[in-house]
Amino acid sequence: MSDAAQRDVPRPPELDAVFHLSEVRTDGERMLYYGISEVGEDALVERIWPAFREQGYEVQVVQTERGLDVVVARPYSTGIDGIPWTNLFLFCATVVSTLLVGATAWYYKSFAEIQADPLVVLEAWPFTAAVLGVLLTHELGHYVMGRYHDVDVSLPYVIPFVLPFGTMGAIIRMRGQMPDRKALFDIGVAGPLAGLAATIVVTVVGLLLGPFSVPPEVMQEGGRVIVFNNPPLLDFIADAIGQPTGYDDPTKTAHPVIMGAWVGMFFTVLNLLPVGQLDGGHIVRAMVGERQETVAALVPVALFGVAAYLHYVRDFGVNESVGLWAFWGLFSAFIAYRGPANPIDDSSLDARRMVVGVVTFLLGLACFMLVPIEVATL
């Protein structure tokens, strides 16, 4: 490397204090520092990370086949580079999928009607607004808090799908290193709390919109429908504002906007599972440190236990909810195996955040349903 290039390479004194440097190389935007560390990998990163971060770099440590330690420094950015075409495409696709699903499943439009007049799907815009509003508010909570802590996070990606909601949810990618437990906690907890706030608003709006009429042809004898049972939080809100969630008249049902609230509450339960890099995994990792992995190992067992209880004790057979919890048992085992996010600074959380964490899980418990969905005969 030339003398001029070496002068541009960051070399904070914190690195020289614990690292015997023998060579520096560049690989594109990355800086590679070869040498021998006097401390372990985690301790080395913790010592040098703040100094490199001040100069616009994130660092990690790897080892070469020759036994040398290599500090890899790469530039980090929390900005948006150009137009996020992938995010925009997925958002537009999900708007279309939720309109189509909303129109057919919740506004009772037939495919023949939609083929004759495709614009009829726009009648389902309140359903689309409710579902996407809840999901995007949740993910934007993560995004805003990530930017606040200078962690490189992506804009939300919403995922189009088919029945029953037209989407599989939304995600963001955390691409940067996590500086400490406070940042990990704040980013993890911001999504569920923001999403629940939006869910409560959607719930109130949906309940105040009143009943929705079911066409007579849908009420055919022997027809089978999917029933979405109410979370406790939904019933509590309904009681608080004096509105019903169901009607004695079989031709009346709750407004489709309520399904946006149901989605928000159910996804909150799933996101708060304390495994891997789900929101609950981030929160518990920040609260209890490395003991989070012990908690995570119990989650698949608990979910399989719920499925077994419904199948063998409640005699639900191969019920939709049995399959749902069994699937999430498998999925949570996979997520737990991949491990949690590990902060650079593993210092304990303050008491205020610990209280917020406990309250968040209690709110999540208020959204839990032992039997979320089941098929009923009209």
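Predicted model: local features only at pLDDT ≥ 70, side-chain atom pairs only at ≥ 80, totals over all residues.
**Entry 1**

I traced the two strands next. Strand β5 covers residues 157-160, and strand β6 covers residues 167-171. They pair in the antiparallel sense, over 4 bridges. I then checked the turn of this hairpin. There are 6 residues between the strands. Gly166 has a positive phi near 80 degrees.

**Entry 1: helix α4**

I moved to residues 85-106, which form helix α4. This helix has 22 residues. From first C-alpha to last I read a span of 30 Å. That is close to the 32 Å expected at 1.5 Å a residue. I also looked up which residues of α4 are buried. Among them are Asn87, Leu90, Thr94 and Ser97. Val101, Gly102, Ala103 and Trp106 are buried too. Just after the helix, I noted Tyr108, with a positive phi of about 60 degrees.

**Entry 2: Val72**

I found Val72 in strand β4, which runs over residues 69-75. Is Val72 buried or exposed? Its relative accessibility is 5%. Buried means under 20%, so Val72 counts as buried.

I then listed its contacts, leaving out residues up to four places away in sequence. Last, I checked Tyr57, which is 15 residues from Val72 along the chain. The C-alpha atoms of Val72 and Tyr57 are separated by 9.4 Å.

Methods:
Residues numbered from 1 in each chain as written. Heavy atoms only, no water. Pairing = 2+ DSSP bridges. Expected span 1.5 Å × (residues − 1). Buried < 20%, exposed > 50% of the residue type's maximum accessible area, 1.4 Å probe, protein only. Contact = heavy atoms within 4.5 Å.
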